[in-house]
Structures are given as structure tokens and as C-alpha cells.
Amino acid sequence: MTVTDRPRISLLGTSALLFEAPGAFDLPHQRRIWALAATASKWPGIREAIPGITNMMLTFETPPRELDTLIAALNDGWDAAEGLAIGGREIRLPVTYGGEVGSQLQSVAEHCNLSIDDVVAIHAAPLYTVFALGSHPGYCYLGGMDPRITMPRRQTPLQRSAGGSVSIGGSQTGVSASPGPSGWHAIGHTNWTFFDPTWPAPAALAPGDTIRFEIERVIR
């Protein structure tokens, strides 16, 4: 087993720690992250265990005195972790592909040597799983995109991308919950609301939920 087969663990100041898992970006590995987070959240001194994309952040109530013991527990926990299947909801999101907000649809089609209709059909076909929340409140990292529409992220990020933008970045896709900077390529938009601080649970989606994009229309 090589060093790259083992997790990477690094401190984030004195109040948190980042656990980075080895392996592929796929649902089986992400389910192991969910399982480890559920276990670690119950450990003494842990304020919160936050799953990310093939990683997890632990925040501490107080800085750990026995850091080596915690690191060993994380490594053992990862080795023992079995996939945690979270029974989430299936959400259907109507999407308008192309247009002003989805102006990069043509660029993605050209990069992938596909037609616009092909990109839309391929993007809308899978049932995507919410792997993690992050980037900004309500934003969901989704797993399950077809590799045929992979598009490298922008070298120079946009200063502002519209809320509700449906975008592709590398081998991932996601939907912006609010306006803000983005290094991804917007191919469409939805009017669905992903975050509202007045709701009992402000984020509309959670890890384990699934999303199916429904083609509302295509603007060329």
C-alpha cells in the first residue's frame, strides 16, 4: 500500500482538522465519508463533523491534547467505515438550458464535440446525489455526472454568477444557491430556492438527497 492510499490529515489552526480520503470521486467513497462523519461526531471533544467532497472537517470544542490518538482513531475509523446509505428525498428541478444565464452551453458543446441537444440530454439524464454542502450556503456538490460532458474549470473565475445557475466544473455539476463568483461554466438556470435563513432548516437539500434535472426549455 502506497502513501497515496492512506488518508491525509492536517490541522486547520487549533480549532479544526481536515481529513482527506484517498480513492475515487464516487458514491461508494462518499458514503464512507458520511459513515466516518456520523461516527466522529459522537467522539468526546468534537463540536461538529462536516462531510465534504471525499473529505471531512472536524471542529473541536477545545484543541485536542492527544492529537496522535485522534489521528489514529480517524485512520482506524476510515478503515472500518462501511458505506452509509442516507435515505434522502428525490427533487425534480426544472431547468432552462442556454440563454443569458446559461451562456456557456455552446462552449461546453464545442469542447466536448457534441451538439447542444446532446449536452442537454446527457446532463439531464442521471439521477444526481447530493454528496455534500459547501462553497456558499445552500450550495450542493453533486455526484453522478456523465464524463462525456466534463469541462475544465475556468482559468479566470467569473466575478459574479447568477443564483440558480446550473454549471459544470471539471467532472462535477452543481447549482448556485445565490449570486457570487464562480470558476464553473453555466449551462442553464432554475428558479428553485435552495436556501432561506427563515426556514427551520435553512438549506433546502442535504447529503443523500437526489436531484433530477427536468428540461423545461432550451434557448439557443
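**Exercise 1. Locate Thr54 and describe its backbone.**

*Solution.* Thr54 lies in the loop between E3 and E4. The model is a predicted one. In this model, phi of Thr54 is near 50°, a positive value in a residue other than glycine.

**Exercise 2. Describe helix H1 and state what covers its buried residues.**

*Solution.* Step 1: compare the length with expectation. Helix H1 spans residues 27-40 and has 14 residues. From its first C-alpha to its last it reaches 20 Å, close to the 20 Å expected at 1.5 Å a residue.

Step 1: list the buried residues. In H1 these are Gln30, Ile33, Trp34, Ala35, Leu36, Ala37 and Ala40.

Step 2: recall the geometry of a helix. An α-helix has 3.6 residues a turn, so residues three or four places apart point the same way.

Step 3: name the cover. The elements over the buried residues of H1 include strands E2 (16-20), E3 (46-51), E4 (55-60) and E6 (128-133), together with helix H2 (67-80).

**Exercise 3. Classify Asn113 as buried or exposed.**

*Solution.* Step 1: Asn113 lies in the loop between helix H3 (105-111) and helix H4 (116-124).

Step 1: a residue is exposed when its relative accessible area is over 50%. Asn113 has 71% relative accessibility, so Asn113 counts as exposed.

Step 2: phi of Asn113 is near 55°, a positive value in a residue other than glycine.

**Exercise 4. Characterise the largest pocket and state which element gives the most to its lining.**

*Solution.* Step 1: the largest pocket holds about 260 Å³ of space. Its lining consists of 17 residues, of which Ser135, His136, Tyr139, Pro181 and Ser182 are the closest to its centre.

Step 1: strands E9 (165-169), E10 (172-175) and E11 (180-182) are the elements that give two or more residues to this lining. E11 gives the most, with three residues.

Step 2: by class, the lining of the largest pocket has six nonpolar, ten polar and one charged residues.

**Exercise 5. Summarise the annotated region, residues 7-205.**

*Solution.* An unreviewed UniProt entry annotates residues 7-205 as "domain: Carboxyltransferase". Over these residues the chain is 22% helix and 31% strand, with the end C-alpha atoms 28 Å apart.

Terms used
Residues are numbered from 1 along each chain as its sequence is written. This is a predicted model: local features need pLDDT of at least 70, side-chain atom pairs count only at pLDDT 80 or more; totals for chains, interfaces and linings use all residues. Side-chain values use heavy atoms; hydrogens and water are left out. Helices (H or I, at least four residues) and strands (E, at least two) are DSSP runs, numbered from the N terminus. The expected span of a helix is 1.5 Å times one less than its number of residues. Buried means under 20% relative accessible area, exposed over 50%, partly exposed in between (1.4 Å probe, protein chains only). Contact means heavy atoms within 4.5 Å. UniProt positions are given in the numbering used here, feature names are shortened, and annotations may be inferred rather than shown by experiment. On a 1 Å grid over the protein atoms alone, a cavity is a set of points where a 1.4 Å probe fits but cannot get out, and a pocket is an open set with protein on both sides within 12 Å along at least five of seven lines; lining residues have an atom within 4 Å of a point. Grid points are joined across faces, edges and corners, and a volume is the space filled by probe spheres set on the points. Ala, Val, Leu, Ile, Met, Phe, Trp, Tyr, Cys and Pro count as nonpolar, Asp, Glu, Lys and Arg as charged, and the others, Gly among them, as polar.
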